Every structure is written in C-alpha cells, then in structure tokens.
Amino acid sequence: MQIFALIFVVLSLASTSFAKECPKIVTQKVFDVTKYVGLWYEAYRSDIIFETGSRCVNATYSPNPDGSVAVWNQAVNLLDEYTSIRGTARVKNASEPAAFVVTFDNPLEKGDYNVLTTNYDDYALVYACRTVPVLDVKLEFIWLLSRKKTMSPGTVNELKKILSDMGADVNSIKQTEQNC
C-alpha cells in the first residue's frame with residue numbers, strides 16, 4: 001500500500017507547489033446547501049493528476065435525508081471513455097458550513113471540499129490543499145464551477161484574484177473542455 005501512496009505523491013507533482021504550507025483559507029460564512037445542490041460544470045481547474053485529460057466534467061449534488069450531500073462526478077477521460085464516481089459530502093464543522101469532507105465510494109478516498117465563494121446561480125470557487133512534508137511540497141486542488149458550460153472572463157479573473165490574495169498558485173488553472 002505504501003508504494004501506491006508514493007506513486008500518488010510522485011504523480012501528483014503536476015499540481016504541486018514547492019511551498020511548505022497550504023494557505024489559510026476562509027470559506028463562505030453564510031452558506032445555504034439547499035441553494036448549492038444541483039448540476040455544476042467544471043469550467044476551470046488546476047492541474048490535478050486524477051483529472052488529467054478529462055473533459056466534459058460535471059458534478060451533481062443532491063441533499064440526503066441525514067443532512068449530508070450525495071456527490072456524483074462525471075467526465076470523459078483521456079481515453080475518451082465515460083467515467084463517474086459517487087460519494088458523500090459532510091460538513092466538517094457546523095460553524096463552517098461551506099467546508100466539507102467528501103468520501104468517495106470506489107475507490108474509498110476522502111478529500112476536502114471548501115467552497116470559498118458562490119452566488120449559487122452562476123459560479124462557485126472550490127479549493128483544497130494537502131501538504132507532503134517529506135517532500136516539502138503542497139498539492140493544491142482548485143475548481144471554478146459554473147451552472148453553465150462556460151464562465152465569463154471577468155468572473156474567472158475575480159475568482160483567480162481571490163485565490164491569489166490568499167496565497168494560492170493560480171498559474172496552473174486551465175479551462176476545462178466542455179465539448180460533449
């Protein structure tokens with residue numbers, strides 16, 4: 001199992017910044033998950049190894065009776081095959097309602113999902129970061145989500161500024177192909 005962890009770390013270097021710590025983030029304070037659920041398209045993303053070559057990426061969020069959120073991510077991968085994964089998002093702490101931990105079903109994997117800002121109707125900025133102390137690097141996961149397959153350049157620039165101001169690396173953010 002350790003060899004797989006090492007391979008993941010090495011392959012993840014595509015989305016790596018050589019900095020010791022993840023930036024301090026502030027998630028959206030007033031967050032209404034009932035307005036957030038529904039279909040979101042991935043308009044832009046940072047270099048993320050598990051999404052390399054993916055296009056037509058979208059996520060559907062649905063409320064669960066227990067207060068958690070069902071997650072269904074779909075994409076067309078590098079081999080031009082349809083892929084999807086399901087999971088469950090749970091709020092980490094009630095005092096921070098836009099900070100989630102997502103557990104995916106297969107493979108069993110957990111990850112942070114922090115909504116930094118959203119207006120619910122047009123855009124959402126999602127961020128997560130992991131440090132790898134042994135290699136003295138941080139892995140940043142950045143998603144600019146849209147209710148439509150595109151996002152205006154003005155919105156993209158505003159969201160990148162939020163990221164830059166908090167110390168995130170915006171240089172690897174690229175538009176996601178939505179040609180399906």
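Tutor: Buried means under 20% relative accessible area, and exposed means over 50%. Keep that in mind for this predicted model.

Student: Why is threonine 27 called buried?

Tutor: Its relative accessibility is 2%. The cut-off is under 20%. Threonine 27 therefore counts as buried.

Student: Where is threonine 27 found?

Tutor: Threonine 27 sits in the loop between strand 1 (16-17) and helix 2 (33-36). Beyond four places in sequence, threonine 27 touches Glu96, Ala98, Ala99, Asn114, Val115 and Leu116.

Student: What makes the pairing of threonine 27 and glutamate 96 a polar contact?

Tutor: Their side chains are joined at 2.9 Å. The limit for such a pair of N or O atoms is 3.5 Å.

Student: Why is arginine 90 called partly exposed?

Tutor: Arginine 90 has 42% relative accessibility.

Student: Which residues does arginine 90 contact, leaving aside its neighbours within four places in sequence?

Tutor: Arginine 90 is in contact with Asp66, Ser68, Ala99, Phe100 and Val101. Arginine 90 itself belongs to strand 5 (residues 82-93).

Student: How do you know that cysteine 22 and cysteine 129 form a disulfide?

Tutor: Their S to S distance is 2.0 Å. A disulfide needs cysteine sulfur atoms within 2.5 Å. The pair therefore qualifies. Cysteine 22 is in the loop between strand 1 and helix 2, and cysteine 129 is in strand 8, 107 residues apart.

Student: Why is this disulfide of cysteine 22 and cysteine 129 called left-handed?

Tutor: The torsion about its S-S bond is about -80 degrees, so the disulfide is left-handed.

Student: What makes cysteine 56 and cysteine 180 a disulfide?

Tutor: Their sulfur atoms are 1.7 Å apart. That is within the 2.5 Å cut-off, so the pair counts. Cysteine 56 lies in strand 3 and cysteine 180 in the segment after strand 10 (174-175), so the bond ties together parts 124 residues apart in sequence.

Student: Is the disulfide of cysteine 56 and cysteine 180 left-handed or right-handed?

Tutor: Here the torsion is about 85 degrees, so the disulfide is right-handed.

Student: Are cysteine 56 and cysteine 180 buried or exposed?

Tutor: Cysteine 56 has a relative accessible area of 9%, so cysteine 56 is buried. Cysteine 180 stands at 52% relative accessibility, over the 50% cut-off, so cysteine 180 counts as exposed.

Student: How many disulfides are there, and what pattern do they follow?

Tutor: The count comes to two. With bonded cysteines counted along the chain, the pattern is 1-3, 2-4.

Student: Which residues touch the most other members of the largest nonpolar core?

Tutor: Phe31, Tyr36, Tyr61, Tyr113, Val115, Val126 and Leu145 do, in a core of 26 residues. Strand 9 gives the largest share, five residues. Another core, of 16 residues, lies apart and includes Tyr44, Ile142, Val156 and Ile173.

Student: What is the secondary structure of the protein chain?

Tutor: There are three helices and ten strands. Along the sequence they follow the pattern α-β-α-β-β-β-β-β-β-β-β-α-β. Of the 180 residues, 44% count as buried.

Notes
Residues numbered from 1 in each chain as written. Predicted model: local features only at pLDDT ≥ 70, side-chain atom pairs only at ≥ 80, totals over all residues. Heavy atoms only, no water. Helix = DSSP H or I, 4+ residues; strand = E, 2+ residues; numbered from the N terminus. Buried < 20%, exposed > 50% of the residue type's maximum accessible area, 1.4 Å probe, protein only. Core = buried A, V, L, I, M, F, W, Y, C linked by side-chain atoms within 4.5 Å. Polar contact = N/O pair within 3.5 Å; in protein donor to acceptor, adjacent residues only side chain to side chain. Contact = heavy atoms within 4.5 Å.
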